[in-house]
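Student: I've got a model open and I'd like to talk it through. Can you take my questions one at a time?

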Amino acid sequence: MPRRTDIARLRKRRDFLAAAGGRKWAANGLVLQALDRADEAEPRVGFTVTRKVGGAVIRNRARRRLKAAASEILPVIAKQGYDYVLVGRASTLTRAWPDLLDDLRAAMTKVHGAKLHGSQRAARGPSSQRGSGNQAGSESKEDTSHG
RNA sequence: UCAGAUGGCCGGAUGGCCGCUGUCCUUCGGGGCAGAGGAAAGUCCGGGCUCCACGGAAAUACGGUGCCGGUUAACGGCCGGCGGGGGCGACCCCAGGGAAAGUGCCACAGAGAACAGACCGCCCGGCCAAGGCUUCGGCCUCCCGGGUAAGGGUGAAACGGUGCGGUAAGAGCGCACCGCGCGACCGGUAACGGAAGCGGCACGGCAAACCCCACCGGGAGCAAGACCAAAUAGGGGCGGCAUUGUCGGUUCGCCGGCAAGACCCGUUUCCGGGUUGCCGCCCGGGUUGGUUGCACGAGGCGUCCGGUAACGGGCGUCCCAGAUGAAUGGCCAUCGCCCGCAAGGGUACAGAACCCGGCUUACAGGCCAUCUGACAUU
């Protein structure tokens, strides 16, 4: 099966900030942020490991594991028009490799599942973007009350 | 063998699958080669390079350095020596210039602490008011006046220490030795070392207190700086058109010259301030993206020569990361090492960001060389 590994990288600070305003899912070994750009362009991906996790060596190792996981999984299930940001945490290094891959797959489906409502509202245009940002808090509150 | 001192080095290995950055080749399928550190770290010093400022030099202020000599592009680094301190020793540590230029500080305790000082004590003299003793002559205590730095006590430190002489008791008052100060002269490039002789002996400590002296330092940094290309709003300049008045020409369509208009505000005039159309070209600045700076260098390795050494020179040889939300890796297996009876777990500190020379700090485990002290053996 031909694997596409050359997914475009996010390189600008404003892209990362925009993705941080999108859907977010925290798995055991990583945190995934996704933003639906509402166009049909190629998907893009970026990586972030904050100083909270550790020094430069630890952060580099975490980012490389995330890159390796992304190059294995994203070409299969990434969707057009999406920006993804993988955020490393302390457990990114200690998590077993198959578990880390499962974490990423699960996070991708979670983030895409939320998109299903969004695609219906996409006909109404920019209101969907405003909803993902401002009303995210109230939505999550409803979720917890249901569960 | 044990304990220790100094200097230096390594700091995982091999294989498989899949990737990343650079570069070269390509039959465009792909393939070859290279790819983190000793500290890449802290950003504490010193340079190269770049821009800015500046006529040269010096001075003031501020900051830094501070025994002497050498080394270097330079240094607060390094090497060699000197002085002081520590260790049986190998060796280690030290901001280590100036206190008769000046100012300041030296707490507490203590009688007295910087041209010091009699609390107790010791000694001499006086006195009989008081007390005691008396052989009735006086004597002692108290008191008064003085001498004394030997003893006690205080302190971090008390006009140097020990001994003998000396004295009323004492005192460098005298003497010997030690210490201290000055020191002709000798050795050394120098720091400094030695030292005849002289001086009875004080001229205290702190300059990581101010200060003085000598030397060094313009500022900012590769997000420096240079170049290219886009799109957007606004600025400046030039030209043309449009608008108004007037003069001249006219084929009555217009053309040319000159001048400025219109609106708003300060109550009006004068005067002052502000705003204002369209198009093209040029200039300069900001933003974004790209290229460059950017990796051949105070370069690595080997060898020879000079030098105790730091280091310098000659010759040969090699090309050895170049990213920019930032490559140099992810996963798996086997082995090594450490912990554990085993299952199993762990495998240091840490990631280039313009480049060099240092310093400092972090570091599992291990190796090598030289030297020192014990013990044992021959």
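**Tyrosines, a sheet and an RNA strand**

Tutor: Both Y82 and Y84 are buried, where buried means under 20% relative accessible area, with exposed over 50% and partly exposed in between (1.4 Å probe, protein chains only). Keep in mind that this is a predicted model, where local features need pLDDT of at least 70 and side-chain atom pairs count only at pLDDT 80 or more, while totals for chains, interfaces and linings use all residues. Residues are numbered from 1 along each chain as its sequence is written, chains are lettered from A and ligands numbered from 1 in the order in which they are written, and side-chain values use heavy atoms, leaving out hydrogens and water.

Student: Is the aromatic pair of Y82 and Y84 stacked or edge-to-face?

Tutor: A pair of aromatic rings is described by the distance of the centres and the angle of the planes. Rings of Phe, Tyr and Trp (its six-membered ring) pair if their centres lie within 6.5 Å; planes under 30 degrees apart count as stacked, over 60 as edge-to-face and the rest as tilted. Y82 and Y84 sit 5.5 Å centre to centre with 10 degrees between the planes, so by those cut-offs the pair is stacked.

Student: Which element supplies the largest share of the surface near RNA strand B?

Tutor: Near means that one of a residue's heavy atoms lies within 4 Å, and 17 residues surround RNA strand B. Helix 1 (13-20), strand 4 (44-48) and helix 2 (56-77) each supply at least two residues of that surface. The largest share, eight residues, comes from helix 2.

Student: How far is a polar side-chain atom of R64 from a phosphate oxygen of RNA strand B?

Tutor: A polar contact is a pair of N or O atoms within 3.5 Å; within protein, one must be able to donate a hydrogen and the other to accept it, and residues adjacent in sequence count only if both atoms are side-chain atoms. N60 has a polar side-chain atom 3.3 Å from a base nitrogen of RNA strand B. For R64 and the phosphate oxygen, the distance is 3.0 Å.

Methods
Helices (H or I, at least four residues) and strands (E, at least two) are DSSP runs, numbered from the N terminus.
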